Number of protein chains: 2
Amino acid sequence: MTHERDRNERKFYYSEKPRLLLSENNRVFALDDNSKKILKDSFFGEERENKLELNPIEALYLVNIRKASCSKDSKQLEFLDLIKIFSNERRIFARYNVYRDWRDRGIIASFIDRIEEKNFDRSPSISYPSKHFELPKLDKELVYIEEDMISLIKADENVEKLFEDFWFGQLGVYKQHTRDKFLKLDFIETLFLAKHGYRVRSIKTGKELSFEELLRKIKKQQKNAEALLDVYEDWRLRGYIIKTGFKFGTHFRLYFPGASPIKEKSQWIHSKHVVHVFPKEAKMIMSEWARAVRVAHSVRKTFIMAIPGMKEEEYEKGEIDFIGYHRKRIGIERPSEDFPKFAIIAFTEDEKLGGKELACALRRADELGLRLIIAISDRETSVTYYVAKRINLPGSKNTYYEIEWEQP
Amino acid sequence: MTHERDRNERKFYYSEKPRLLLSENNRVFALDDNSKKILKDSFFGEERENKLELNPIEALYLVNIRKASCSKDSKQLEFLDLIKIFSNERRIFARYNVYRDWRDRGIIASFIDRIEEKNFDRSPSISYPSKHFELPKLDKELVYIEEDMISLIKADENVEKLFEDFWFGQLGVYKQHTRDKFLKLDFIETLFLAKHGYRVRSIKTGKELSFEELLRKIKKQQKNAEALLDVYEDWRLRGYIIKTGFKFGTHFRLYFPGASPIKEKSQWIHSKHVVHVFPKEAKMIMSEWARAVRVAHSVRKTFIMAIPGMKEEEYEKGEIDFIGYHRKRIGIERPSEDFPKFAIIAFTEDEKLGGKELACALRRADELGLRLIIAISDRETSVTYYVAKRINLPGSKNTYYEIEWEQP
C-alpha cells in the first residue's frame with residue numbers, strides 16, 4: 001500500500017501534471033480522468049456527481065507550486081490570473097500560503113465542508129487541580145493610592161498571614177519581605193479583596209470606597225480591569241496563587257495551590273505557568289498576540305490564554321479555514337482512512353484578531369474534537385503555528401487554553 | 001578617605017538615626033546638626049541657607065527603610081502619614097520605590113534641581129555606518145491585493161535583481177527563493193516602492209493606485225503605517241536592509257549594508273538588530289513596551305527603538321525623575337566629586353507611556369549628556385531598568401536608541 005502511494009506521489013511530481021478547468025461561474029474542476037486520478041490520489045478536491053471539484057486555494061497551490069495547468073475557455077490562466085479571479089475571497093493570499101506551507105511539510109490539509117460534523121475526540125483537555133479557598137477576615141482597612149493603583153496596609157500578625165499563607169500583595173520588598181512593615185497590594189488584588197468584603201479607603205479623600213467605586217476609578221486607568229479581575233478571581237477561588245507576570249511579558253504568573261512566598265512553607269516556589277488575558281471585545285494585531293506567547297516560550301513557561309466572560313449567547317459558529325491531518329507512527333494521516341486532527345485558522349502577521357472571534361473558533365474546534373491551530377503567515381511567507389489545548393479547571397465558568405508553539 | 005566614608009555609612013546604619021522635621025508647608029528638613037551631618041555624609045538632601053532640605057521621596061525612603069524619625073508639631077509621622085501628605089505628587093509610590101531600589105544597590109540617586117544644567121558628556125552615541133542607496137528602475141507594475149496587504153510581481157531578470165541585490169520582498173518561499181516565480185512585497189515595501197516611482201495596480205479594481213491612494217487604504221488597516229514607513233525609508237535610504245521582525249516580536253529586523261538573501265552574495269546573513277517603532281502619538285502600557293524589548297533580548301538581538309517624525313517644535317522639556325550616580329573602579333560615584341551618569345524616569349508596569357513623552361525625556365537626557373534609564377517598578381516592588389544609548393546614523397532626521405536591559 002505505502003509503496004503504491006509513494007509511487008503516486010512520485011508520479012505527481014515527476015511526470016504528468018494535472019490539468020484544471022475553470023467553469024463559467026469560476027468553479028475549478030479536474031479537466032480529465034487522468035488529472036482526476038492524480039489529484040484524488042494526493043487528496044486534492046472533492047468528488048461530486050462524478051466530477052472532482054477543487055477549492056480555489058487548492059487550485060492556487062496546484063498551479064503555483066505543483067505546476068498544474070488551468071484553463072478557461074481554452075485560455076491558459078496563470079497564478080496571478082487566478083488570484084485576481086478569487087480576490088473577493090477573504091484573505092486569499094494568507095490562506096493560500098498557510099495551505100502551501102502545510103502541504104510543503106508533506107502532510108494533508110483539507111476543508112471543513114469535506115468532513116463529517118461530529119466529535120472526532122482528538123483533542124483531550126488537560127486537567128488542572130482545584131482546591132478549596134477561603135479568605136480570612138481582616139479588621140484593618142486598605143489605604144488606596146489612586147495614581148499608583150496600589151494600596152497599603154501596615155503589617156500586623158493577620159496582615160503577615162495574608163502575605164505568608166495566601167501570598168496577597170508584597171510585604172517589605174520583593175524577595176526581602178522583612179525590609180519594611182507594609183503590605184503593598186496591586187490594583188487587582190485590591191479589587192478582589194474589596195469585592196470579597198475588605199474595606200478600602202482613599203488616601204487622598206479619606207473616604208471609604210465601595211467595590212463599585214473602586215472598579216469605576218480603576219477602569220479609567222486600565223480599561224481591561226474587569227477582564228483581568230475575572231481571570232484573577234477565577235484562579236484564586238480554585239486555590240491558585242496568581243501574581244504579576246511582568247517579568248515574563250504576560251498579565252499574570254501562576255502557582256499551583258500550596259505555593260507560598262516564604263521558602264520554608266512552600267511546596268512549589270517557581271511558577272511554571274503564565275496567564276495572559278485576551279478580552280473578548282479586544283482586537284489585537286497577530287504579531288502582538290504572538291509576541292506575548294514568545295516571551296513565555298523563551299522563559300520556558302506554559303502560556304495560558306484566557307478569554308473571560310463569554311456568554312453562551314455570544315458564541316457564533318467559529319470560522320475554520322482548514323482541516324489538518326498530521327503524521328502517524330508510519331507515514332501520514334489520510335482523509336481516506338484517518339480522522340482529522342487539527343482545525344486551522346490562518347492569518348497574516350498584520351491582521352487583527354478579535355477576542356470573541358478567537359473564542360468562537362476555539363469552541364468550534366472543541367465541538368469537532370479537534371485541536372485548534374493558529375497559523376500566522378509572516379511578510380516573507382514563513383508560517384508559524386500555535387496549537388491550543390483546552391484546560392479543564394473544575395468549577396470555572398471560563399475556558400482556558402494552553403498555547404504552544406508547534407512545528408507540524 | 002574611603003575608610004572614613006565607610007565609617008560614616010556604618011554609623012548611619014548601626015547607631016544614630018537622623019531626625020526629620022516637616023514644616024508648616026510640608027517641606028522636609030533635617031531636625032538638628034547631627035542629623036544634618038549624617039544625611040549630608042550619605043548625600044541626602046540639599047543645603048540652603050544653613051538648612052538641609054530633603055525631597056519628599058528621600059523622606060519616604062529615610063523613614064521607611066533607614067528608620068529615620070519625622071515629626072510635625074512634635075507629633076511623630078509614619079510612612080503612611082507621609083505618603084498621605086505627599087499623595088498629590090505625581091506617582092509618589094512608583095518614584096519612591098525606584099529611588100529605594102537604587103539606594104538599596106548602594107549607589108547614589110539625586111534630583112535634577114541639584115545638578116548644573118550643562119552637558120556632562122557621559123553618554124557617547126553609537127555610530128552606525130551609512131551607504132549610498134539607489135533604487136533601480138522597473139518597468140513592471142506591482143499588483144496589489146488589498147485584503148492581504150501584499151503585492152505581487154511576476155519574476156524576470158530585473159525583478160530577481162530587486163530581490164537578490166536589494167532584498168525587496170520574497171521571491172518564491174522564505175529560504176527557498178526558487179519555489180515559485182513571484183516576488184511578494186509586503187505593505188511597507190509596496191508603499192516605499194510606490195513613493196519612489198514604482199507603479200502599483202489594484203488587483204480588484206484594475207486601477208492604478210498613486211502612493212497617496214495606497215497610503216490612505218493601508219492606513220485604514222494599519223494605523224501606524226506612516227510611522228512604520230518613515231522608519232523603513234530612513235534605514236533603506238542609508239543602505240540598510242530592513243525586513244519583518246515578526247519572528248523576534250518587533251516591527252523590523254535590520255541587516256547592515258551589503259546583506260543579501262542569497263547566501264553566496266552576502267557579507268552578513270544573520271540580523272543582529274531589531275527595530276521597533278513607537279509612534280509619537282501612541283500611548284503604550286509599560287508592560288507592553290517592556291515585552292517588546294524582552295523578546296529581542298531573549299534572541300540576543302540589539303533592540304533599536306524609533307520614535308519617528310518628531311518635529312523640533314514638538315519637543316517640550318522632558319521630565320526626569322532622578323539623577324543617578326553609578327559605580328567607579330573603586331567605590332561609587334559621589335555628587336561631591338563625580339559627575340552624574342544617568343537621567344532616570346520611573347514608572348509602574350501599569351502606567352501608560354506616550355511616544356512623545358519618551359522622546360522629550362530622551363532629548364533632555366541627551367542635552368545633559370546623560371544616559372536615560374527607564375525604570376519600571378512592578379506590582380511586587382521589583383524594579384527593572386532599561387538604558388537608552390543614542391545611535392548616530394549619518395543623514396537621518398530621526399533619532400534612534402539602542403535599548404538594553406541593565407542591572408545598575
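This is a predicted model: local features need pLDDT of at least 70, side-chain atom pairs count only at pLDDT 80 or more; totals for chains, interfaces and linings use all residues.
Residues are numbered from 1 along each chain as its sequence is written, chains are lettered from A and ligands numbered from 1 in the order in which they are written, and side-chain values use heavy atoms, with hydrogens and water left out.

R253(B) belongs to strand 16 of chain B, residues 250-255; helices (H or I, at least four residues) and strands (E, at least two) are DSSP runs numbered from the N terminus. R253(B) counts as buried because its relative accessibility is 5%, where buried means under 20% relative accessible area, exposed over 50%, and partly exposed in between (1.4 Å probe, protein chains only). Beyond its neighbours within four places in sequence, R253(B) has contacts that include W167(B), Y174(B), F248(B) and H273(B), and also E380(A) from the other chain, contact meaning heavy atoms within 4.5 Å.

## Chain A as a whole

Chain A holds 11 helices and 25 strands, and its C-alpha atoms fill a box of roughly 85 × 40 × 35 Å, taken along the principal axes. Of the 408 residues in chain A, 60% are buried. Among contacts in this chain between residues at least 6 apart in sequence, 64% join residues at least 24 apart.

An exposed position in chain A is K175(A), which lies in the loop between strand 11 (170-171) and strand 12 (182-186) and counts as exposed because its relative accessibility is 73%. The C-alpha atoms of K175(A) and P261(A) are separated by 7.9 Å, although these residues are 86 residues apart along the chain.

## Domains 2 and 3 of chain A

Chain A is divided into domain 1 (2-89), domain 2 (106-129 + 240-408) and domain 3 (133-237), with bounds that come from an automatic or database domain assignment. The centres of domain 2 and domain 3 of chain A, taken over C-alpha atoms, are 31 Å apart, and their contact takes 29 residues from domain 2 and 20 residues from domain 3. The area buried between these two domains is about 2200 Å², 65% of it given by carbon and sulfur atoms; buried area is the accessible area (1.4 Å probe) that two parts lose on being put together, summed over both. On the domain 2 side, I242(A), K243(A) and P261(A) lose the most area to domain 3, together 24% of what that side buries.

Across this interface the rule finds 2 salt bridges, a salt bridge being a side-chain nitrogen of Lys or Arg within 4 Å of a carboxyl oxygen of Asp or Glu. The side chains of K243(A) and E189(A) meet in a salt bridge at 3.0 Å, N to O. Between domain 2 and domain 3 of chain A there are 10 residue pairs in polar contact, both at pLDDT 80 or more. The largest share of the domain 2 side that touches domain 3, 5 residues, comes from strand 16 of chain A.

## The interface between the chains

Chain B and chain A each give 71 residues to their contact and bury about 6300 Å² between them, with 57% of this area on carbon and sulfur atoms. F246(B), R379(B) and E380(B) supply 14% of the area that chain B buries against chain A, more than any other three residues.

The two chains are joined by 8 salt bridges, and the side chains of K247(A) and D378(B) meet in a salt bridge at 3.3 Å, N to O. There are also 28 residue pairs in polar contact between chain B and chain A, both at pLDDT 80 or more. Helix 10 of chain B (residues 286-298) gives the most to the side of chain B that touches chain A, with 8 residues.

## Helix 7 of chain B

Helix 7 of chain B, residues 187-195, is mostly covered, with 8 of its 9 residues buried; among them are F187(B), E189(B), F192(B) and A194(B). D186(B) caps the N-terminal end of this helix, where a side-chain oxygen lies 2.9 Å from the backbone nitrogen of I188(B). Helix 7 of chain B is followed by G197(B), whose phi is positive, near 100°.

Methods. A polar contact is a pair of N or O atoms within 3.5 Å; within protein, one must be able to donate a hydrogen and the other to accept it, and residues adjacent in sequence count only if both atoms are side-chain atoms.
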